[in-house]
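Trainee: Hi, I'm new to this one and would like to get to know it. Can we look at it together?

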Amino acid sequence: PCYKSQRDFLNEPDFWEKYFDPLSSQVNWRTIDIKDVWEFSQDSILTIYYDTKSVHSYPYSDRDHYSKTWQNVQRERALPIVSKYIRVKESFWKQARTFYEAHLNNETDFRKFRNSTRNPSKSPRNLRKSLGNFQETPGNFQNVLAVHMRGTDKFVTEKVDPGEYEDEIEEFLYAYPKYSKIFLATDDSSYVKHIRDRFSPHVVVRNVTREAGNVLYNDSFDRDLKSQEVLLDALILALSPRLIKCHSGVSEFSVYLREASEELPSYTYLRDIQIEEDDGVRPAKDVSIYVVCMRNRRKYVNSMLDRLGWSRYVTIVDAISKKHISNFSYTLQDGENFDGNTSGIACAASHREVWRMFESGSSHPYALIFEDDFAFDHPYSDNGFQLFPQWLEMLLKAREYEPWDILNLGRCMDECSGQTMVLSLNQPEMGLKFLGNASLVESPEAYCAHAYMITQAAARTLLSLSDPIRMLPDDLLFEKNPLNHLSVTPRIFRQAKEITGSTLQQEPMTQMSECEETVNSSIANISVTDPDFVHATNVYTPENFTSVRKIEKNREKNRIYSARIEVLSRLAFLTSHECPKWLFDEEESEVNPVITLRVVEWGFGATVHSLVKPIIHAMRYGYCIQGPIRFEKYNCSEGWEELFRPLNALKPEFFSKYKSLDFAQIASKLAKEYKGAREDDHTGCVDAMYMMDLSTVEMFGYSEYRRCMDLYSFPKYGASLLPKPLQEFGMFQVVSFILHALMRPNKDLRRHINTAKREALWPKKGTPVIGLHIRRGDSCLEAPWALGRLCEDGLGEYWQAMDLLAEKYLKIKKNHTNHLKLDPKDTNMTRVHVYVATDSEQVIKSLAAGEGREELNKTSKSIEFQFHAVKTLDRDGVRNKMSVDDALIDGELDGCLEARQASIDTILLSKADILIGKFSGNMDRLAYSLQFARLGAYPPYISLDNSWCYDFGVQSRPNLALEVDPSTEDDPHVQRFVFC
């Protein structure tokens, strides 16, 4: 029993103490008086047991809607508890390890396994020694598969016939045919016989008590012995690197133990046989697939594999940590780049471990290897998840014509001007039918190793060249080896740095492009091919802005114009008074077609951004839109409409501007498109996004709201989260036109904006203007890592950006006249106009005085900056002492005035031609989106930190501020990712 009275059992260990360490060293039940003990009633225990908010290791009742997602939620609930409180006694771990090492990971099998490889130049013992503790730890001998089968009286969920495990076991034995072991844990002796008959001699079973019925209820067997046998089985299941299980508390406890362990890596393969899984399209049968994965990125990797339908076919290999690089042999000879770069050594060791596993343990001739930040790049992002298995087959087919040894699927920073095309991948007569103009190329410096393929022969060569480790895998794979290494172009995979934040080689967090010259000179072409390129770069400076604007308005006018029409016509319909009549049919649907937007109030920019995901949800499933409401912290008496035109006025404005469009025709088309869509909305987000009785803080603490924000996370799901007709335009364009519709200034705000322009001495129409946003104020009160943005006192980097853009775009060229105003005293002097938005008067004074500019020593003497700012906007004061958010809540600031002034600064920034700021701030991202919507083109910008992003309510933006103080990396309170 779990509870014993003090009187009878003071001197005996209770049930918990026999198997687990005490929950606390501070409290002992023996010192508590029996009168102070609260014993749960049986009814209370059952209530807690079946409560859906408890941790359920398998479906306890019909209320548990069992799925992989449900299972992951349970594990996320369980792991903190297991990590903190549930510690199995070391004596039992020792017994489990002893059995594991003797029967599953023993020296004899290891020697046989090593002698069977094709690298006889080294002895097995030396090989094992060179790999260090990583290989010696139980659970890392990859030729072990643990299987748990619950039989006998299993009744809460149905029993699984042992025959249903056979396909999984055969898959394992096919991939690892040599000296493989299958550890079987089961309570049913008939299951043991079945598996032994089928897969002997691979099967290893512990000699434990089993019966046809459940031995648990047979009191003729020692109770403690039965408990120990189950616990030891669970521990051995936890030690194994691969596990196939059924619905059972025993094997689920094994999962909790392994995932909570700091010593054991995550399972390389984990499958619950009773979960209905989409098998997807099986990868090419001749390819072993591996993902090198850091533990904190496992969730992202699993989501990618689930979408590919590959979870059951892929081996996930825990990345070698910086702590364990001493287990590997490496050298700094030949001036290689490992000096102090422990992350680089760990990365190289991780790739080497995968090559070793493939070369020594796989019967497949090819390996496909990913790092844990792989993501489909444009133009493959729209259909990559569906078509990549076919493309993989074609890449193998291509090898018949061009026998590559290493194939880079995600090259970066390559010198593409020096590449040579060796094979077109669009030759149907040869069985090659890839996407667009894809081809295989030979190039000078195909860098990046986040997605590539190798042959068995290449693996042997790479293992030889990396002992000791001398260089990063990028250098070894694609430059410093005698192998035939080719690349796919356009590349198939990029690195999802916006999610993972990988900075392995200390490069900027911005996305590295496929070709080096694209970053430096040909960025103008990016927008033509990828509408979402702004997510991947913090600098966009095309060669000639004037010609780029012409390119945008000619080559791309149709696409951006189409995006404008598609987004705004859809919004005009959904926000119109007529919308419910078109969408609601009582005979066909009981789902209310009308939703009311509510703002979630943080800073003003974030508050505006809070409306975008609910609008996308409405556009996706066909909900009519009212509002927005709850404009309370920014306490305008008329709410949202005190500043902006009502959304239901969008219809007459839009159709009066685009007279060739007919509302009835568009309404009819959308009504057909949305027919039945609301019935397919099983997200639960209508309620979660529009909870009117919750405050902003409560909304962010509401798990369903956060889940729905996550469903519309672009870094996770790409443009697929948009309504299908809008996916081709990309997230940036759709968000920009939604923000444009939301922030149409009303008559009163337009009057304030015009007054502000006159006050700022805005130059005459047609004169180019740089928009410059410099935030000080309350941002300087934040810890450097809190929101991922920094407050610097100097202006040097802003001057540098202004000089670069003015020199590139706005300086008068010889023999060229334009409308720029020249200094009357010097006809060679170009005057460049800059609108300054800032919360600091000192910034305006410092810019006017040129403070910090003289330090650069690179300033063009022929450029004079004239700064424009609205003098009457509130700055400094309480903003320098407390956060604006707190000041609004405490009534220290007038909320409506704050909203109006923020709107004026944002809209004036958007009326500039070029933008300089920091995309870590909502105002800068908002201004650039409005700028794009106004121009119908991508104007140049320089963000001095992040690339553009939109992901309200989700911490997906890498926290670049951590680079300022690397010591905070291990602080559990520091967020690696912050809100975007």
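Trainee: Let's begin with the largest cavity. By class, what residues are in its lining?

Mentor: The lining has 14 nonpolar, 4 polar and 6 charged residues. Here Ala, Val, Leu, Ile, Met, Phe, Trp, Tyr, Cys and Pro count as nonpolar, Asp, Glu, Lys and Arg as charged, and the others, including Gly, as polar. Before we go on, this is a predicted model: local features need pLDDT of at least 70 and side-chain atom pairs count only at pLDDT 80 or more, while totals for chains, interfaces and linings use all residues. Residues are numbered from 1 along each chain as its sequence is written, and side-chain values use heavy atoms, with hydrogens and water left out.

Trainee: Good to know. How many cavities does the structure hold, and how much space lies in the largest?

Mentor: There are 7 cavities of 30 Å³ or more, and the largest has about 370 Å³ of space. A cavity is a set of points, on a 1 Å grid over the protein atoms alone, where a 1.4 Å probe fits but cannot get out, and lining residues have an atom within 4 Å of a point. Grid points are joined across faces, edges and corners, and the volume is the space filled by probe spheres set on the points.

Trainee: Which residues lie nearest the centre of that largest cavity?

Mentor: Glu171, Ala175, Arg312, Tyr313 and Val314 do, out of 24 lining residues. Helix 9 (166-175) is one of the elements that supply at least two residues each, along with strand 4 (242-245), strand 6 (287-293) and strand 7 (314-318). The largest share, 5 residues, comes from helix 9. Helices (H or I, at least four residues) and strands (E, at least two) are DSSP runs, numbered from the N terminus.

Trainee: And which domains does the lining draw on?

Mentor: Domain 1 (38-108 + 141-260) and domain 2 (287-495) each give at least three residues. Those bounds come from an automatic or database domain assignment.

Trainee: Let's zoom out. How many helices and strands are in the protein chain?

Mentor: The chain has 38 helices and 27 strands. Of its 980 residues, 56% are buried; buried means under 20% relative accessible area, with a 1.4 Å probe and protein chains only.

Trainee: How many bridges join strand 18 to strand 25?

Mentor: They share 2 bridges and run antiparallel. Tyr540 stands opposite Tyr941 there.

Trainee: What about strand 21, which strands is it joined to?

Mentor: Strand 21 has 6 bridges to strand 22 (residues 830-838) and 3 to strand 24 (residues 914-917). Both pairs run parallel. Val769 has His833 in strand 22 as its bridge partner, while Ile770 has Ile914 in strand 24.

Trainee: How many residues of strand 21 are buried?

Mentor: 6 of the 6 (residues 769-774) are buried, so strand 21 is largely enclosed by the rest of the structure. Val769, Gly771 and His773 are covered on one side, and Ile770, Leu772 and Ile774 on the other. In a regular strand, side chains alternate between the two faces of the sheet.

Trainee: New topic: where is Met453, and is that residue buried or exposed?

Mentor: Met453 lies in strand 15 and is buried, at 0% relative accessible area. Leaving out residues up to four places away in sequence, Met453 touches several residues, among them Val287, Trp404 and Leu409; contact means heavy atoms within 4.5 Å. Met453 and Leu409 are 44 residues apart in sequence, with 7.6 Å from C-alpha to C-alpha.

Trainee: Last one: which peptide bonds are cis?

Mentor: One joins Ser200 and Pro201, with omega about 10°, and Pro201 sits in the loop between helix 10 (189-199) and strand 3 (203-205). Another runs from Thr489 to Pro490, with omega near -5°. Pro490 is in the loop between strand 16 (485-489) and strand 17 (493-495).

Notes: Buried means under 20% relative accessible area, exposed over 50%, partly exposed in between (1.4 Å probe, protein chains only). Two strands pair if DSSP finds at least two bridges between them. On a 1 Å grid over the protein atoms alone, a cavity is a set of points where a 1.4 Å probe fits but cannot get out, and a pocket is an open set with protein on both sides within 12 Å along at least five of seven lines; lining residues have an atom within 4 Å of a point.
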